[in-house]
Amino acid sequence: MALLEIPSRNAFDQELILEKSVFNPGDFGEVRIPVGRMPSDTRLYVNTYVFRSYHPGPTLLILAGVHGDEINSIEVVSQLLQEGTFDHLKTGNVIAIPLLNVFGFNNFSRDVPDGKDVNRSFPGALGGSLAARVAATLTKKILPFVDLAVDMHTGGSSRFNHPQARFHSRQSPAFEMAKVFNTPYVIKQPVISKSFRKTAKDLNIPAIVFEAGESVRLDGDAIHFGKRGVKRLLHHLGMIDFEDNETVHSTVIERTTWQRASQSGIFIWSRSSGDFIQKGEPLGVIKDPYGNKSVTVLSRYTGFIIGHNNASVVNQGDALFHIGIEYDHEGF
Ligand SMILES: [Zn+2]
């Protein structure tokens, strides 16, 4: 695979300045960016970690915790920092933010306390709603230094996502980044209005989303694929040495849809994320709580299950399976 052509947007001898902390080539350190106060008057910060090598190269942003309850994503960056992955970069810079939405994290919530979603509040405004302020902190203070970005997420409440990297266009360097990440699925998904990826795209910063596992619950596989993907990308960019002994077949998925529950009840799946399924095949059952009625869920599609619902009780219309219905069998 050809090396990604990511031009550095900053002259390398330029200082990288965050909140009055000056980083020259070879410098590294933590910056606590103030983002607000809790009602208790406790100040909250976005802890940001900057690593600069002595040699010119791109600046990669590794972002997690845009949704405060997506703990797998936070744990990926936390472990990478703990293991010193960025301590001796050969070229370029890394800016790592393990937890952007500190409000959501403290409240065990995806959102900030007023219910707004940070990932629907970009580019944000420093004088706007709480979510807009968190988004603007990233847009205004961090993104001016960034050349490419990885935004780490998990599925929502009880929704499990099989490890996947999402890109918006095969023509974008984001597609190459997603391929380098080498997750079981590489998924084309249009950028969502007011999302981080939309702002990154507007600023011409190639960005991918990594998705794995579900919110709140830690998952070893999800964390492994996240860490491995970041290391593979850094290696590909010539920023670290990383020997990957694992081979994973990636399936490229171009279009996805949801299979929803046709009735309410106790949901027991028999097929789950990572499986290839045929139209008409049983995927699980939905039962009433009294042992009277059990209905088999038959697949309405042929494709790959990229995510599934782990909820034990579902309502009619709830999303049960997220299925990739247009796919490239060959992958790479
Ligand atoms: Zn998320």
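Predicted model: local features only at pLDDT ≥ 70, side-chain atom pairs only at ≥ 80, totals over all residues.
The domain assignment of the protein chain gives two parts, domain 1 covering residues 16–236 and domain 2 covering residues 252–328. When the centres are taken over C-alpha atoms, domain 1 and domain 2 are separated by 30 Å. Their contact draws 13 residues from domain 1 and 14 residues from domain 2. On the side of domain 1 that touches domain 2, the elements that give two or more residues are strand S8 (159–167) and strand S9 (185–188), and of the elements on this side S8 gives the most, with 5 residues. By class, this side of domain 1 holds 5 nonpolar, 5 polar and 3 charged residues.

Within the model, helix H4 (residues 173–181) is described next. Of its 9 residues, 7 are buried, so H4 is largely enclosed by the rest of the structure. The buried residues of H4 are Ala174, Glu176, Met177, Ala178, Lys179, Val180 and Phe181, and they pack against strand S7 (148–155), S8, S9, strand S10 (207–214) and helix H6. After H4 comes Asn182, whose phi is positive, near 60°.

Two packed helices are described by the angle between their axes and the distance between the axes. For H4 and H6 the angle is about 120°, and the axes lie 8 Å apart. That angle makes H4 oblique to H6, and H4 passes H6 in a right-handed crossing. The residues that meet are Met177, Val180 and Phe181 in H4 and Gly229, Arg232, Leu233 and His236 in H6. The residues of this contact divide into 4 nonpolar, 2 polar and 1 charged. Met177, Val180 and Phe181 of H4 are also listed among the buried residues of that helix. An α-helix has 3.6 residues a turn, so residues three or four places apart point the same way.

Helix H6 (residues 220–236) also packs with helix H1 (residues 71–82), at an angle of about 50° and with the axes 9 Å apart. H1 and H6 are therefore oblique to each other, and H1 passes H6 in a right-handed crossing. From H1 the contact is made by Asn72, Ser73, Glu75, Val76, Gln79 and Leu80, and from H6 by Ala222, Ile223, Gly226, Lys227 and Val230. By class, the contact of H1 with H6 has 5 nonpolar, 4 polar and 2 charged residues.

Several backbone features in loops were also identified. Most residues other than glycine have a negative phi, and most peptide bonds are trans. The peptide bond from Phe122 to Pro123, however, is cis, with omega near 0°, and Pro123 has its place in the loop between helix H2 (102–106) and helix H3 (130–142). Glu19, in the loop between strand S1 (16–18) and strand S2 (21–23), has a positive phi near 50°. Because 11 C-beta neighbours lie inside 10 Å of Glu19, this residue counts as exposed. Lys194, found in the loop between S9 and helix H5 (196–202), likewise has a positive phi, near 65°. With 18 C-beta neighbours inside 10 Å, however, Lys194 counts as partly exposed.

Asn245 is found in the loop between H6 and strand S11 (251–260), and Asn245 counts as exposed because it has 4 C-beta neighbours inside 10 Å. Asn245 and Val46 are 199 residues apart along the chain, and their C-alpha atoms are separated by 35 Å. Arg271 is found in the loop between strand S12 (265–269) and strand S13 (276–277), and is partly exposed, with 17 other C-beta atoms within 10 Å. The C-alpha atoms of Arg271 and Phe321 are separated by 9.3 Å, and these residues are 50 residues apart along the chain. With neighbours within four places in sequence left aside, Arg271 is in contact with Ile277, Leu283, Gly284 and Ile305.

Technical notes
Residues numbered from 1 in each chain as written. Axes fitted to C-alpha atoms, helices over the stretch in contact; angles between N-to-C directions. Helix = DSSP H or I, 4+ residues; strand = E, 2+ residues; numbered from the N terminus. Parallel < 35°, antiparallel > 145°, perpendicular 65-115°, else oblique. Left-handed = near helix turned anticlockwise from the far one by under 90°. Contact = placed C-beta atoms within 7 Å. Nonpolar A, V, L, I, M, F, W, Y, C, P; charged D, E, K, R; others polar. Domains from an automatic or database assignment. Buried ≥ 20, exposed ≤ 12 C-beta atoms within 10 Å, placed from the backbone.
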